[in-house]
Amino acid sequence: VKIAAVIPAAGVGSRMQLDFPKQYLVIQDQTILEHTVHKLLALPCITTVVIAISKEDDYFSDITFTDNRVCACFGGASRAESVFNALKHLRDDKPDWVLVHDAARPLVLPEDIATLVTQCLEKDEGGILASKVKDTIKQGDTKIEKTVPREQLWSALTPQMFKFDELLAALELGLKEAPHTITDEASAMERLNLPVQLVSGRSDNIKITSPEDYDLACYLLNKQKE
Ligand code: C5P
């Protein structure tokens with residue numbers, strides 16, 4: 001089986017209050033994007049890693065990946081569009097499966113990626129890494145309307161792994177019919193009632209979104225290197 005990876009990295013990261021995209025912040029001696037890409041390259045079963053970058057990106061050209069499995073394409077106006085463009089980029093040398101992983105999640109462990117890949121191939125069904133919600137969840141605007149039972153709640157992480165043809169078709173339709181609801185790959189599959197497995201992954205596979213996430217990521221990446 002041929003498995004490709006897509007890394008959407010075309011966001012501007014406005015919540016980080018930086019004047020450059022957050023994936024170019026440096027931790028130890030590498031950008032967040034490089035840490036992320038190397039986590040995927042650690043899996044020999046991945047044949048290609050496509051990074052979707054913004055047309056306005058002035059930083060990507062400063063990075064060199066020596067592994068010839070890495071290539072880049074242009075992203076789009078939303079995460080879903082960026083992933084869709086990357087899938088179209090892969091169409092000529094079509095993989096059987098694709099793993100989509102946020103550039104902003106450098107903490108994922110190759111072991112967790114491998115678990116997801118094994119589960120999806122074994123069950124012949126797409127799936128995502130996810131972690132069970134630990135907090136008590138409240139719904140409301142400025143006051144609590146209700147407490148949402150958390151027994152069945154999961155936080156969706158990445159990677160998310162699907163059959164290439166199915167994801168391409170689901171994203172195309174989702175982007176046409178309900179673009180704002182497609183905040184991850186699974187949501188495009190769900191609206192077509194396609195099954196998606198929940199594969200338990202480490203909750204410290206955080207998405208670096210705000211400045212405090214960056215501090216946490218520095219600490220955790222240092223610990224991984226020990
Ligand atoms: O903005 P958010 O943190 O949800 O972005 C998740 C991932 O999607 C990031 O890696 C970001 O670079 C990527 N993204 C993208 N194209 C966009 C917006 C976000 O590739 N237009």
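Reader: In this model, in which loop is Asp 124 found?

Author: The model is a predicted one, and in it Asp 124 is found in the loop between helix H3 (110-123) and strand E7 (127-132).

Reader: What is the phi of Asp 124, and is the residue buried or exposed?

Author: As a general idea, most residues other than glycine have a negative phi. Asp 124, although it is not a glycine, has a positive phi of about 55°. The residue counts as exposed because 7 other C-beta atoms lie within 10 Å, and the cut-off for exposed is 12 or fewer.

Reader: Where is Asn 193 found, and what is its phi?

Author: Asn 193 is found in the loop between helix H5 (185-190) and E11, and its phi is near 60°, a positive value in a residue other than glycine. With 6 C-beta neighbours inside 10 Å, Asn 193 is exposed.

Reader: Which peptide bond is cis?

Author: Most peptide bonds are trans, as a general idea. Here the bond from Thr 158 to Pro 159 is cis, with omega near 10°, and Pro 159 is found in strand E10.

Reader: In what order do the seven strands form the open sheet, and why is one side of E5 and of E11 left without a neighbour?

Author: The order is E5-E4-E1-E6-E10-E7-E11, with mixed pairing. Strand E5 (70-74) and strand E11 (197-200) stand at the edges and each has a single partner strand, so one side of each lacks a neighbour in the sheet. Within this sheet, E1 (residues 3-9) and E6 (residues 97-100) run parallel and are joined by four bridges, and the bridge partner of Ala 4 in E6 is Val 98.

Technical notes: Residues numbered from 1 in each chain as written. Predicted model: local features only at pLDDT ≥ 70, side-chain atom pairs only at ≥ 80, totals over all residues. Pairing = 2+ DSSP bridges. Helix = DSSP H or I, 4+ residues; strand = E, 2+ residues; numbered from the N terminus. Buried ≥ 20, exposed ≤ 12 C-beta atoms within 10 Å, placed from the backbone.
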